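User: I have a model open and want to go through a few contacts. Can you take my questions as they come?

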Amino acid sequence: MTSHLPVRETIREDVTAAMERDPAATSRWVVLLTSAGLHAIWLHRIAHRWWQQRRLRWPARLLAYASRSITGIEIHPGAHIGRRFFIDHGMGVVIGETAVIGDDVMLFHGVTLGGTSGQRVKRHPTLGDEVMVGAGAKILGDVHVGSRVKVGANSVIVKDVPTGAVATGIPAQYRFPQLGDLPAMSSEERLYADPALFI
């Protein structure tokens, strides 16, 4: 999950991902300097590297705390996060210690990847690749959200969601989108083709 690219390549890849996913991004410099989501993931990568060395866990927690104070995004240094991860807006996002996030995942503000157990076990969600999680959604417990899943805003997920599904509601119910009847559209347009994701 953790990127092994050189730092400069990782930053370039992250900025490109942000430019592609955020219509408000006007230039690479604006994204580089003002994106709280990018700053949070970059600080997390440092904290996560420290977390893997037991003697550096205390500094890792301090760095994660400082990152939360600056960005409004709380990511436990133990969380495993893949490449080209992007958090849009970001304020109020919480990602727990045992969360695992695949590549090309996008979260909006207010998302929680939370735990439901007080025991030291795998207690946070696993998200596959190319998952999009709408604003305010909560994914709770050691559940698996398959690749290419879209989670609607303010939905609450407490059970596994299969690959390619759209999950909406409280508790979330999933369905498989019927996009065959829609006119030809780009992959970016298909990402936003279902208005239920933003309700």
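User: Which residues does Trp-50 touch, not counting residues up to four places away in sequence?
Analyst: This is a predicted model. In it, Trp-50 touches Leu-56, Arg-57, Pro-59, Ala-60 and Leu-63, with residues up to four places away left out.

User: How far apart are the C-alpha atoms of Trp-50 and Ala-60?
Analyst: They are separated by 5.6 Å. Along the chain, Trp-50 and Ala-60 are ten residues apart.

User: Where is Trp-50 placed?
Analyst: In helix α3, which covers residues 36–51.

User: What about the packing of α3 and α4, which angle and axis distance?
Analyst: Helix α4 is residues 57–71. The two helices pack at about 175 degrees, and their axes are 8 Å apart. That angle makes α3 roughly antiparallel to α4, because anything over 145 degrees counts as such.

User: Which residues of α3 and α4 meet?
Analyst: On the α3 side they are Ala-36, His-39, Ala-40, Leu-43, Ile-46, Ala-47, Trp-50 and Trp-51. On the α4 side they are Arg-57, Pro-59, Ala-60, Arg-61, Leu-63, Ser-67 and Thr-71.

User: How do the residues of that contact divide into nonpolar, polar and charged?
Analyst: Ten nonpolar, three polar and two charged.

User: Back to Arg-57. Where does it lie relative to Trp-51?
Analyst: Arg-57 lies over the face of Trp-51, at 4.2 Å from the ring centre.

User: Different topic. How many aromatic pairs does the structure hold?
Analyst: One. The partners are Tyr-174 and Phe-176, with ring centres 6.1 Å apart.

User: Why is that pair edge-to-face?
Analyst: The ring planes of Tyr-174 and Phe-176 are at 75 degrees, so the pair is edge-to-face. The cut-off for that class is over 60 degrees.

User: And their accessibility, what are the values for Tyr-174 and Phe-176?
Analyst: Tyr-174 is at 41% relative accessibility, so it counts as partly exposed. Phe-176 is partly exposed too, with a relative accessible area of 43%.

User: Now the whole chain. How many helices and strands are there?
Analyst: The protein chain has five helices and 15 strands.

User: What percentage of the residues is buried?
Analyst: Of the 199 residues in the protein chain, 45% are buried.

User: Last one: what share of the contacts with a separation of 6 or more comes from residues 24 or more positions apart?
Analyst: In the protein chain, 35% of those contacts.

Note on methods
Residues numbered from 1 in each chain as written. Predicted model: local features only at pLDDT ≥ 70, side-chain atom pairs only at ≥ 80, totals over all residues. Heavy atoms only, no water. Axes fitted to C-alpha atoms, helices over the stretch in contact; angles between N-to-C directions. Helix = DSSP H or I, 4+ residues; strand = E, 2+ residues; numbered from the N terminus. Parallel < 35°, antiparallel > 145°, perpendicular 65-115°, else oblique. Contact = heavy atoms within 4.5 Å. Nonpolar A, V, L, I, M, F, W, Y, C, P; charged D, E, K, R; others polar. Phe/Tyr/Trp six-rings, centres within 6.5 Å; stacked < 30°, edge-to-face > 60°. Buried < 20%, exposed > 50% of the residue type's maximum accessible area, 1.4 Å probe, protein only. Lys NZ or Arg CZ within 6 Å of the ring centre and 35° of its normal.
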